[in-house]
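I opened my notebook today to look up a few side-chain pairs and a helix crossing. Come and read along with me.

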Amino acid sequence: MEIKYMQRALELAAKGIGYTNPNPLVGAVIVKNGKIIGEGYHEVCGSNHAEVNAFKNATEDVRGATMYVTLEPCSHYGKTPPCANAIVQKGIKKVVIGLKDPNPLVAGRGIQILRDNNIEVITGVMEEEGRELNEIFLKYITTKVPFCILKTAMTLDGKIAAYTGDSKWITNEFSRKYVHALRHRVSGIMVGIGTILADDPFLNTRLDSGNGSDPTRIIVDSSTRIPLEAKVLHIESKAKTIIVATELADKNKIKALEDIGAEIIITPLKNNRVDLTYLMKALGERGIDSVLLEGGSELNYSAIEEGIVDKVNAFIAPKIIGGRGAKTPIGGVGKAVMSEAISIENIQIHSFGDDVMLEGYVKSN
């Protein structure tokens, strides 16, 4: 029965995707006498936590009930009071927890509060599922560096565009819908200046429901070549646009970009380019917990080389276009020998109509 109720709590938690960053996704279920009497999830960053919402939605007195919660109840005062204290005050008898919270402000203290008040606590129920759901939060809360997903789309023969530069569309509408769901989930979307000059994209979120969250638009542009009329600089969106430049940037251009609302981050030069490691730390300091990298082949290679990529989503379309000059997903200098190849592990395969997506994690050395 623990699995059944925790599964429900995970389903509830997932409803918060795209709205809770940089907070975790959390769901809670209250069970009494073999039936669910209350449910809740963390809906928006800064609002009630899952446990409080479950109490608010309860259909009867929760005293003596069991609570199933996907993440250890918080024990500190943040934007809301500690949930562990609320659980004690409500008279919950038993708490089943999916995942212990690695947040240094919690880190077992929530569990200790419960046990100190004679509440039975069970941990580790569907822990792996909870870890996967909160992979963004788990990295960011412990490192303050964003979780980075590299998204690529290529033909069966490994091309991201024809030799003419045409790339619309490699993948089908189902794949593209999933990419917009990814954009909704993350805090930032990052591309290089080459993508802006070639495609002039909006870099926003377009879901069928029409209410997706736009990620912060991050443009890697070491010498500020971005046109002042580029769409990303004039889109109506609550999310801002960040231009990432270096000492090579034109100071007058920087001033002009700031005048139309763009934020500028200046990084040190690294191999005559933006220092991506420095950039990721700077983004983390701004509360950006996750980045979807939709770069071109050069930026993708730099990101892989600098070790900022955590996860890869590689879409493959059943098309062949050929072309010696047609670009591939990862460019750069490349590896000299196969033994130097960067490995992707824990692979999952997903189908989107005729397209296939390989999803996996960059193997740490």
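Below are my entries on salt bridges and on one pair of helices.

Entry 1. I noted that this is a predicted model, where local features need pLDDT of at least 70, side-chain atom pairs count only at pLDDT 80 or more, and totals for chains, interfaces and linings use all residues. Residues are numbered from 1 along each chain as its sequence is written, and side-chain values use heavy atoms, with hydrogens and water left out.

Entry 2. How many salt bridges does the structure hold? I found 16 (a salt bridge is a side-chain nitrogen of Lys or Arg within 4 Å of a carboxyl oxygen of Asp or Glu).

Entry 3. I looked up Arg-131, which forms a salt bridge with Glu-127, with the closest N and O atoms 3.0 Å apart. The two are 4 residues apart in helix α5 (residues 127-133), so about one helical turn separates them. Arg-131 is partly exposed at 35% relative accessible area (buried is under 20%, exposed over 50%, partly exposed in between, with a 1.4 Å probe and protein chains only).

Entry 4. I then found Lys-255 and Asp-259 meeting in a salt bridge of 3.0 Å, N to O. Both lie in helix α9 (residues 251-259). Lys-255 is partly exposed at 47%, whereas Asp-259 counts as exposed at 55%.

Entry 5. I checked helices α3 (residues 83-90) and α4 (residues 109-116): their axes come within 9 Å and cross at roughly 20°. That makes α3 roughly parallel to α4 (angles under 35 degrees count as roughly parallel). Helices here are DSSP runs (H or I) of at least four residues, numbered from the N terminus.

Notes
Axes are lines fitted to C-alpha atoms, for helices over the stretch in contact, and angles run from 0 to 180 degrees between N-to-C directions. Angles under 35 degrees count as roughly parallel, over 145 as roughly antiparallel, 65 to 115 as roughly perpendicular and the rest as oblique.
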